[in-house]
Amino acid sequence: MLAFLSAIAFGVTAGAIVGAIATGDPRYTMTWSIALPVALLAGIFSLFGGSIVARRRGAAPEAPPVGELALARVERISRTGLSVNGQPQVDLLLTVAPRFRSPYTTVHRQIVDIVAVPQVQPGAIIVVRRPDDAKANVELVLDPPEDWAGRRDAERLRTGTDRTVPLASEAPEWPSTPQSLLGGARAPAHPWRRVLLAGAFLIAATLVLIPAYDSIGRTVRAIAAGDPAAAGVVEGDRHAEIVDALAAETGGTTFVRIGFYDGYALAAAPSEPGALTIDSYQYRYDRTERQGPEPIQPTDPAAALFDVDEVDFTRLREHIATAKEHAGIADPDSVIVLVARSPVADDTGEQPVQVLVLLDADYADASVTIDPQTGRVVS
């Protein structure tokens, strides 16, 4: 269960990191920063948590440890470099002398309590348990039963041919099967389990990325077309779609101002249909939100309002191209487009809706006002 939780959390982490890179959405950043610790903790506990549970169960009176006891001599001890809670993991080269089969040497790896490390120094005689007679694997029994403690102590006094545990050179090598962090034999690998874990990872990553599919697709298409800026808000081709989203958020089609920037759009519109109090609205990361009252309320809100249905927002890219040509700035560093009523009345006494294109480059900048109906440069 913990392994599947870890796979899902890692999938969420991977998907959220891709989403954060592709969209810049802080929700993705928050998601992966929460999912990653969960994935790591679940992964760590899945590695050796089962061994801890098994060991605790094995220590219970109703579930005694399985396997014969045997004497062994420590030939060599070395650290692996891994430690858990300050307890080192070590490799022990052991010469094991089972009672009912030939002696052998094997390498046993496990985390050993630092207090018990002096008991497993080279030359020490210890007691081990062999859970499976068909495998070389052993378990350290550093606090053996009284009779085995006596055998251990007696062996420490024997020399020469009296030894029960022969010299390492006289015992063939028998490799242990893969072991868990705590020293027990690792459960056999199941290919189907790996497939399920991989599937859980991919499904989690895919589900997390669903809200970003459109954004990622736009970015890929824009880069493939050689025009990365087209994936943005201002120089893309989604102006009408963004206005529709803002109109749905405000509940109406009248606005004081709509501004298109590189990665977002800002609008000022009535706080509710028919109201003369103006709120700020934002379109960003493919979603809209109300941001509260507009900091500077218009003196005459009714006169400042215009209906977006009267403006063809699909022509904004055309107006941007016109502004670049008119200003002589073909490749600006920044483009901003503002749609609002002119602050100055025309010959008819009305304040017409205008498109203001702001261009900024290293050595020049310009503001070009365009009539959205005719596409003509006004100023």
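Tutor: Helices (runs of H or I, at least four residues) and strands (runs of E, at least two) are assigned by DSSP and numbered from the N terminus. In this structure, Leu5 lies in helix H1. Residues are numbered from 1 along each chain as its sequence is written, and side-chain values use heavy atoms, with hydrogens and water left out. The model is predicted: local features need pLDDT of at least 70 and side-chain atom pairs count only at pLDDT 80 or more, while totals for chains, interfaces and linings use all residues.

Student: Is Leu5 buried, partly exposed or exposed?

Tutor: The term buried means under 20% relative accessible area, exposed means over 50%, and partly exposed lies in between (1.4 Å probe, protein chains only). Leu5 has a relative accessible area of 39%, so Leu5 is partly exposed.

Student: Which residues form a nonpolar patch on the surface together with Leu5?

Tutor: A patch takes residues with over 30% relative accessible area and no salt bridge; like charges are joined within 9 Å, and nonpolar side chains (Val, Leu, Ile, Met, Phe, Trp, Tyr) within 5 Å. The nonpolar patch here consists of Leu2, Leu5, Met30, Ile34, Val38, Leu41 and Phe45, and these residues have about 650 Å² of accessible area together. Helix H1 (2-23) and helix H2 (26-59) are the elements that give two or more residues to the patch. H2 provides the largest share, 5 residues. The accessible areas come from the Shrake-Rupley method with a 1.4 Å probe, and for residues only the protein chains shown count as cover.

Student: Let us turn to the strands. What is the order of the strands in the open sheet of 7 strands?

Tutor: Two strands pair if DSSP finds at least two bridges between them. In this model, the order of the open sheet is E10-E9-E8-E7-E12-E13-E14, with antiparallel pairing. Strand E10 (287-293) and strand E14 stand at the edges; each has a single partner strand, so one side of each is left without a neighbour in the sheet.

Student: How many bridges join strand E13 to strand E14?

Tutor: Strand E13 (residues 353-360) and strand E14 (residues 365-370) run antiparallel and are joined by 6 bridges. Leu359, for example, has Ala366 in E14 as its bridge partner. E13 and E14 form a hairpin, with 4 residues between them.

Student: What joins strand E9 to strand E10?

Tutor: Strand E9 (residues 278-284) is joined to E10 by 6 bridges, and the two strands run antiparallel. The bridge partner of Tyr283 in E10 is Thr288.

Student: Which salt bridge do the side chains of Asp279 and another residue form?

Tutor: Side chains of opposite charge can pair when their charged atoms come close. A salt bridge is counted when a side-chain nitrogen of Lys or Arg is within 4 Å of a carboxyl oxygen of Asp or Glu. Here the side chains of Asp279 and Arg290 meet in a salt bridge of 2.8 Å, N to O. Asp279 lies in strand E9 and Arg290 in strand E10, so this pair ties together parts that are 11 residues apart in sequence. Asp279 counts as buried because its relative accessibility is 9%, whereas Arg290 is partly exposed at 37%.

Student: How many salt bridges does the structure hold?

Tutor: The structure holds 16 salt bridges. One of them joins Glu68 and Arg130, with the closest N and O atoms 2.9 Å apart. Glu68 lies in strand E1 (residues 68-84) and Arg130 in strand E4 (residues 125-130), so the pair ties together parts that are 62 residues apart in sequence. Both Glu68 and Arg130 are buried. A network of salt bridges links Glu68, Arg101, Arg130 and Asp133.

Student: Are Arg158 and its partner Glu155 buried or partly exposed?

Tutor: The side chains of Arg158 and Glu155 meet in a salt bridge of 2.8 Å, N to O. Arg158 counts as partly exposed, at 34% relative accessibility, whereas Glu155 counts as buried, at 3%.
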